[in-house]
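Work through the exercises below with the model open. Try each task before reading its solution.

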Amino acid sequence: MNYAPMLVYVLVACITPGPNNIMAMYLSAHYGFKGARKFMIGSGTGFTVKMLLCGGLNLVLAEAIPAAVPYVKWIGAAYMLYLALHMLLDGFKPQKEEQDDGIQGGESTYKSGILLQCLNIKSWVFALSLFSIYVVPYDTSFRAIIIGTLIAMAAMIVSTLLWAAFGSAI
């Protein structure tokens with residue numbers, strides 16, 4: 001594995017705003033850092049399972065269908081560009097005033113953290129592209145998948161904690 005580019009990709013993908021980071025910041029702003037803890041643990045659990053599944057899928061694809069690996073890379077890259085373009089274009093739209101309907105209890109739960117990871121397109125694309133670009137082309141062992149997962153988990157935990165700390169500071 002080529003660790004330097006992989007680490008840059010992992011750090012940038014994990015620290016930038018996404019559903020997980022925004023939700024951690026929101027929950028800690030409303031319930032405090034301690035109140036967002038269950039959500040963050042659930043999100044971390046869901047993220048770990050997702051990383052292992054995507055890594056395993058990449059191994060299966062690399063062994064069964066070697067011709068598919070380059071296409072998965074380009075599909076992931078194209079989707080990331082699509083998301084970036086929409087985020088950029090949304091930044092130029094006038095903002096509507098939002099009404100606060102009150103805070104629902106139960107948003108900061110373990111289940112909501114796992115559910116968010118199931119629905120989080122950013123982390124699905126991240127996981128698939130991490131393994132298809134930075135891991136599987138260099139090493140097709142399950143050990144490499146575990147190492148990639150641990151690196152991504154460490155970055156995800158640190159970034160989620162940073163966003164939650166910023167939220168609780170608000």
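**Exercise 1.** What percentage of the 170 residues of the protein chain count as buried?

*Solution.* The model is predicted: local features need pLDDT of at least 70, side-chain atom pairs count only at pLDDT 80 or more, and totals for chains, interfaces and linings use all residues. Numbering runs from 1 along each chain as its sequence is written, and side-chain values use heavy atoms, without hydrogens and water. Buried means under 20% relative accessible area, exposed over 50%, partly exposed in between (1.4 Å probe, protein chains only). By that cut-off, 36% of the 170 residues are buried.

**Exercise 2.** Find how many helices and strands the protein chain has.

*Solution.* Take DSSP runs, numbered from the N terminus: helices are H or I with at least four residues, strands E with at least two. The count is seven helices and zero strands. Along the sequence the pattern reads α-α-α-α-α-α-α.

**Exercise 3.** Classify F166 as buried or exposed.

*Solution.* First place F166: it sits in helix 7. Its relative accessibility is 52%, so F166 counts as exposed. Next, look at its surroundings.
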